[in-house]
Amino acid sequence: MQLLLLRHAKSAWNHPGLRDHDRPLAPRGLRDAPRMGRYLLKQGFVPAAALVSTAVRARTTAELALEAAGAAPDTLRLVPDLYGSSPDEIVEIVAGEGGSASPLLVVAHNPGMEDLAARFLGRPEHFPTAALLVARVPAPDWAGLSPAKATVEAFVRPRELPAD
């Protein structure tokens, strides 16, 4: 099983009065999300399913990345509990809703994503916007998800990708 953890791309802060949940992507985010999708396609990591936070910035990141990766249009599933989720909650959501879809993309937020990535990596590591961690999980479905038993196949930040 292959798990793809993607932090939402860079969001805009220049909308006074807008709820955090409703913040859109900034121009950099609109650039980076499809770049990560093209990386997924090039590496053969096209998601079979995606569990995505309902926040506008996460949803838009997922839509742009999935389109660039060539994923099926019905791949995306919004999961309200991914907004503000802890690492343990993310694991529970994947275990409960991921089924046997692989690769499975999860698009959510820090600090939960960064803390979960640290569990996979075995060390703390900065997980910036639009960063991607790819992990191989030795289990027949997501109910058996254990970061300690996974192997990290890739950890990519947008700035590390070649310019388009």
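Modeller: This is a predicted model, in which local features need pLDDT of at least 70, side-chain atom pairs count only at pLDDT 80 or more, and totals for chains, interfaces and linings use all residues. Residues are numbered from 1 along each chain as its sequence is written, and side-chain values use heavy atoms, with hydrogens and water left out.

Colleague: What is the angle between the planes of Phe 127 and Phe 155?

Modeller: Rings of Phe, Tyr and Trp (its six-membered ring) pair if their centres lie within 6.5 Å; planes under 30 degrees apart count as stacked, over 60 as edge-to-face and the rest as tilted. The structure holds two aromatic pairs. Phe 127 and Phe 155 form a stacked one, with 5.6 Å centre to centre and a plane angle of 10 degrees.

Colleague: Where in the chain does each partner of this pair lie?

Modeller: Helices (H or I, at least four residues) and strands (E, at least two) are DSSP runs, numbered from the N terminus. The pair links distant parts of the chain, 28 residues apart: Phe 127 is in the loop between α4 (112-121) and β5 (132-136), and Phe 155 is in strand β6 (residues 151-156).

Colleague: Is Phe 155 buried or exposed?

Modeller: Buried means under 20% relative accessible area, exposed over 50%, and partly exposed in between (1.4 Å probe, protein chains only). Because its relative accessibility is 17%, Phe 155 counts as buried.

Colleague: With which side chain does that of Ser 11 make a polar contact?

Modeller: Ser 11 lies in the loop between β1 and α1 (27-43) and is buried, with a relative accessible area of 5%. A polar contact is a pair of N or O atoms within 3.5 Å; within protein, one must be able to donate a hydrogen and the other to accept it, and residues adjacent in sequence count only if both atoms are side-chain atoms. At 2.4 Å, the partner of Ser 11 is the side chain of Arg 23.
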